[in-house]
Amino acid sequence: MHPLHRFLTQQTKERNQDLNPVEVDQLIHLAWKQFGYDFSGYARASFERRLMGFMESRGLDSFSALLQGLRLGQIIWRDFLNELTVNVTDLFRAPETFQALRTHVLPYLTSFPKLNIWIAGCSTGEEVYSCAILLEEAGLLERSVLYGTDINPMVLEQAKAGILERSNWFRYLSNYHLAGGQGSLDAYFLINEYQIRLRPFLLKQMVFLPHNLATDQSFNQFHLIFYRNVCIYFDSTLQNKVGHLLDQSLVSLGFLVMGQHESLPPHWDQKIPLFDQQSNTYQKYPLQWKK
């Protein structure tokens, strides 16, 4: 297990309390001024746990050593960002969500002549691949463009490559069948002894871009947005700001998919009400349709 992940599972409040709030604010300021990343709206407790995890994995004995290392370039920012961000994903993660999308949401998308799909916080791309397979089996992939975005350029490079670990194949198979897969999963991958590579006909429908939900604006109009397991890392102010971004980005009657234990802030829940509880999908209605 990676030292950072091992540390996060310990959930040690005592170590968290050792962090000086002033120093954490200094790091947030440094991240914005020197590197252009705004972490001011991230949930503080979770953010501090990840900072402590990075220090543990690098053997840093003080927070000032972390700050100095970043200022002087002794700690590479890309490496720091890669461990600071949460890059947890899987092919057909939470397969019951994809099964519900097949049944309740995809039939509505057939009415659109062209589909723009946004997977926000896509990490290494498995959710984008899952969505592409879902669309292919519904006969919708050729009219779709899937945009995978993330704050972390290193995971985007992995996502563009379309390569997965061969050792995870049986878990992928299980998830695919639980998600209601209609064919053979190996029809979508080139497989050898060591790795699994997504077939080109799927990759050509995908665009991977850097995008920061905390600071960047809407960049297209989307018919379906995946915003799963992201907002739990934001404080209420940033959640509300992202709610505005999602509202701007969704076409009328477009769909928003969130994680099973997530929900929109109350104001945005009224503008984009719950459509399907099983998949935790919301649908944006034209204002004149609202009661």
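These legends describe close-up views of a predicted model. Local features need pLDDT of at least 70 and side-chain atom pairs count only at pLDDT 80 or more, while totals for chains, interfaces and linings use all residues. Residues are numbered from 1 along each chain as its sequence is written, and side-chain values use heavy atoms, leaving out hydrogens and water.

**View A. An open sheet of seven strands.** The strand order is β6-β2-β1-β7-β8-β10-β9, with mixed pairing. Strands (E, at least two residues) and helices (H or I, at least four) are DSSP runs, numbered from the N terminus. Two strands pair if DSSP finds at least two bridges between them. The edge strands, β6 (206–210) and β9 (274–276), each pair on one side only.

**View B. Strands β1 and β7.** These strands run parallel and are joined by three bridges. I119 has F226 in β7 as its bridge partner.

**View C. Surroundings of Y227.** Contact means heavy atoms within 4.5 Å. Beyond its neighbours within four places in sequence, Y227 touches residues including L213, F234, V242 and L256.

View D. A disulfide is a pair of cysteine sulfur atoms within 2.5 Å. The count by this rule is zero. For C231, the nearest cysteine sulfur is that of C122, 17 Å away. Buried means under 20% relative accessible area, exposed over 50%, partly exposed in between (1.4 Å probe, protein chains only). C122 is buried at 1% relative accessibility, and C231 is buried at 4%.
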